[in-house]
Amino acid sequence: MFKNKTENGQNNICGKQIYAIRKAAAPKMSQRMLAEKLQLIGIDVDKNAVQRIESGQRFITDIELRAIATVLNVDIMTLYGE
């Protein structure tokens, strides 16, 4: 049987790191602001999608992950906690 979830049942491993980086940004970035910046570069997410990503309830595509790294101005590997 395939396992598409982390050991603790989450649908992604990057959500907590995305949350931490977003909160540490200066000035602080809201979930809505992150969603708006992603929309400006062509990624169709809203505030609720960002909330579900950060809480691990939503899968995240590689395309979205690359865009989030770009918007947060970090290396994509940083989102994996590395």
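Contact, as the word is used here, means that heavy atoms lie within 4.5 Å. The structure is a predicted model, in which local features need a pLDDT of at least 70 and side-chain atom pairs count only at pLDDT 80 or more, while totals for chains, interfaces and linings use all residues. Residues are numbered from 1 along each chain as its sequence is written, and side-chain values use heavy atoms, with hydrogens and water left out.

Leaving aside neighbours within four places in sequence, isoleucine 60 is in contact with Asn12, Ile18, Ile53, Leu65 and Ile68. Isoleucine 60 is placed in the loop between helix 3 and helix 4, where helices (H or I, at least four residues) are DSSP runs numbered from the N terminus. With a relative accessible area of 18%, isoleucine 60 is buried, a term that means under 20% relative accessible area, whereas exposed means over 50% and partly exposed lies in between (1.4 Å probe, protein chains only). Isoleucine 60 and glycine 42 are 18 residues apart along the chain, and their C-alpha atoms are separated by 15 Å.

Helix 2 comprises residues 31-40, and its buried residues are Gln31, Leu34, Ala35 and Leu38. These residues cover an arc of only 100 degrees around the axis, which puts them on the same side of helix 2; the arc is that of the directions from the helix axis to the C-beta atoms. What covers the buried residues of helix 2 includes helix 1 (15-24), helix 3 (47-54) and helix 4 (62-72).

Two packed helices are described by the angle between their axes and the distance between the axes. Helix 2 and helix 3 pack at an angle of about 110 degrees, and their axes are 8 Å apart; the axes are lines fitted to C-alpha atoms, for helices over the stretch in contact, and the angles run from 0 to 180 degrees between N-to-C directions. Helix 2 and helix 3 are therefore roughly perpendicular to each other, a class that takes in angles of 65 to 115 degrees, while those under 35 count as roughly parallel, those over 145 as roughly antiparallel and the rest as oblique. In this contact, Gln31, Arg32, Leu34 and Ala35 of helix 2 meet Lys47, Val50, Gln51 and Glu54 of helix 3. The residues of the contact divide into three nonpolar, two polar and three charged, with Ala, Val, Leu, Ile, Met, Phe, Trp, Tyr, Cys and Pro counted as nonpolar, Asp, Glu, Lys and Arg as charged, and the others, Gly among them, as polar.

Glutamine 31, which lies in helix 2, is buried at a relative accessible area of 15%. Apart from neighbours within four places in sequence, glutamine 31 is in contact with Arg22, Lys47, Val50, Gln51 and Glu54. Glutamate 54, found in helix 3, also counts as buried, at 7% relative accessibility. The side chains of glutamate 54 and glutamine 31 are joined by a polar contact of 2.9 Å, that is, a pair of N or O atoms within 3.5 Å, of which, within protein, one must be able to donate a hydrogen and the other to accept it, and residues adjacent in sequence count only if both atoms are side-chain atoms. Not counting residues up to four places away in sequence, glutamate 54 touches Gly15, Lys16, Ile18, Tyr19, Arg22 and Gln31.

Technical notes
Helix = DSSP H or I, 4+ residues; strand = E, 2+ residues; numbered from the N terminus.
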